[in-house]
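Me: I am new to this structure and would like to learn how to read its features one at a time. Could you take me through them slowly?

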Amino acid sequence: MTPTTLFLEDMAGMGVILGPEERERVLARCVERQVPARGAIFDSTRVADSWAFVMSGYAASYYFHQDGRTTLTRFFEPGHVAGNVTSVWSRDYGSDELIAISDVVCIEISHDFLLGEFMSGQMLGVYLRFKVIETLRYDKDLLVCQALNAPEARFDFLLERHPKIFDVALKKDVAAFLGVTPQAYSRFLRRRSGIRDAAMAGSSGTGLAT
């Protein structure tokens, strides 16, 4: 299935069907892009001027601190809209980068075209407004998760919202999202596994002392 077909199917899943003329006009502005794992979808060396609709694969947004630290702020999966918001709006270089953590296929569309469609477009405008609401809901849940500032809360967020991420992301990527080192993440997993095993043993009656 081609990226543009997936793009149209994502719209159809929201009840948005482009008419023949609008479909031709929109698809003419779509650029299909393939990014290999660890490649940059958007980087800090150029001013962002487009948005990417992830059709397959996973990506992550990395924020680079002035002291040299790097923070992984969120993951993107198929169906998500990705971009460097600060850069595209300020027309300046951004301080974060969007990196593919697996092979990614996306549809890239220019910011100016999408902004016009969002404000006064036909069915594509409806789709974009749906996507904004969807993104705001996601970002609210992510903000609550990050505000708790606890690896457990962030891990549970990934389990609920990105269960497949553990199969495709490097251990250091997940650790960066949790806000811990890879070594601490390994200890965290062992502790979680121990708690789960103890709970299962207790529920079956085999974990009780006599």
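This is a predicted model: local features need pLDDT of at least 70, side-chain atom pairs count only at pLDDT 80 or more; totals for chains, interfaces and linings use all residues.

Me: How many helices and strands does the protein have?

Reply: Helices (H or I, at least four residues) and strands (E, at least two) are DSSP runs, numbered from the N terminus. Here they come to nine helices and eight strands, and the C-alpha trace spans about 75 × 40 × 30 Å along its principal axes.

Me: What share of the residues is buried?

Reply: A residue is called buried at under 20% relative accessible area, exposed at over 50% and partly exposed in between, with a 1.4 Å probe and protein chains only. Of the 210 residues in this protein, 38% are buried.

Me: How many aromatic pairs are there?

Reply: Rings of Phe, Tyr and Trp (its six-membered ring) pair if their centres lie within 6.5 Å, and planes under 30 degrees apart count as stacked, over 60 as edge-to-face and the rest as tilted. The structure holds eight such pairs. In one of them, F53 and Y127, the ring centres are 6.2 Å apart and the planes lie at 25°, so this pair is stacked. Because F53 belongs to strand 3 (residues 50–56) and Y127 to helix 5 (residues 123–148), the pair ties together parts that are 74 residues apart in sequence. Both F53 and Y127 are buried.

Me: How are the rings of Y138 and F157 arranged?

Reply: Their centres are 5.6 Å apart and their planes stand at 70°, so the pair is edge-to-face. It links distant parts of the chain, with Y138 in helix 5 and F157 in helix 6 (residues 151–161), 19 residues apart.

Me: Is L124 buried or exposed, and which residues does L124 touch?

Reply: L124, which has its place in helix 5, counts as buried because its relative accessibility is 0%. Contact means heavy atoms within 4.5 Å. Leaving aside residues up to four places away in sequence, L124 touches M11, L18, E22, V26, F113, L114 and E117.

Notes:
Residues are numbered from 1 along each chain as its sequence is written. Side-chain values use heavy atoms; hydrogens and water are left out.
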